[in-house]
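Please look over the structure shown here before reading the briefing that follows.

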Amino acid sequence: MAKTADTIAIYSRKSRYTGKGESIGNQIDLCREYIRTHYGDAAAEHAVVFEDEGFSGGNLNRPDFKKMMTAAKDRKFKAIVVYRLDRISRNISDFSSLIEELGRLGIDFVSIRESFDTSSPMGRAMMYIASVFSQLERETIAERIRDNMHELAKTGRWLGGTTPTGYASESVKSITVDGKTKKACKLKLLPDEAEIIYKIFDLYEQYDSLTMTETELLRQGIKTKMGVLSPGFPSSLFCRILST
């Protein structure tokens, strides 16, 4: 990208692919229209686009974001325009560091949805306030998901991931009161693998020590569900058994 004081960067992000709503394409079009209105047709046509699709806003570890910041440090554009604040980050610390870095570089940051512009003190202050609520929203959603998964687990459902040694995931169908079919997964005991669990508990009862239990399992060549010998296997297995 050629170095020019008139170049404006557009940054867009979405956690997963979708052609609807705030899609990458829609974000870019809206940002380009904003640039056209406030900076002119030439700036809109020559705006440099950085886009990260399939990346969370929880951190800044995104390929095109890193490319954009490398270009910013070389002062290859005068402003960064985004559709919304949370397209950059939902983390207050990351966002604050970014705004401070852009301020040192003399690069303006504009969020068109919230009408925030760091070229003014009030714009900077309001942007920080908005980032606080963005992080609050992210943490609230994460907490709600955790609570929901915990409640589903109480009903005996398996919510995904590698099943504990001794169990397999089994799909179960049920009919709701309105006649709809619902699918869920539950754990099913595997007799062969269950023998390993019984052996672990027997050994622990004998030695009263996880370390000695682990040593004996390794000596006997007892393997994990993934088919490997693994130090720490008994203690991690105890935790997973208790959690199910």
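How many helices and strands does the secondary structure of the chain come to? The model is predicted, so local features need pLDDT of at least 70 and side-chain atom pairs count only at pLDDT 80 or more, while totals for chains, interfaces and linings use all residues. Residues are numbered from 1 along each chain as its sequence is written, and side-chain values use heavy atoms, with hydrogens and water left out.

**The chain as a whole**

- The secondary structure comes to 8 helices and 7 strands, where helices (H or I, at least four residues) and strands (E, at least two) are DSSP runs numbered from the N terminus.
- The chain has 244 residues, of which 35% count as buried; buried means under 20% relative accessible area, exposed over 50%, and partly exposed in between (1.4 Å probe, protein chains only).
- Of the contacts (heavy atoms within 4.5 Å) between residues at least 6 apart in sequence, 61% join residues at least 24 apart.

- Most residues other than glycine have a negative phi.
- Arg75, which is not a glycine, has a positive phi near 55°.
- Arg75 sits in the loop between helix H3 (63-73) and strand S3 (79-82).
- Arg75 counts as partly exposed because its relative accessibility is 44%.
- Asp208 is not a glycine either, and its phi is positive, about 55°.
- The loop between helix H6 (191-207) and helix H7 (210-220) holds Asp208.
- Asp208 counts as exposed because its relative accessibility is 60%.
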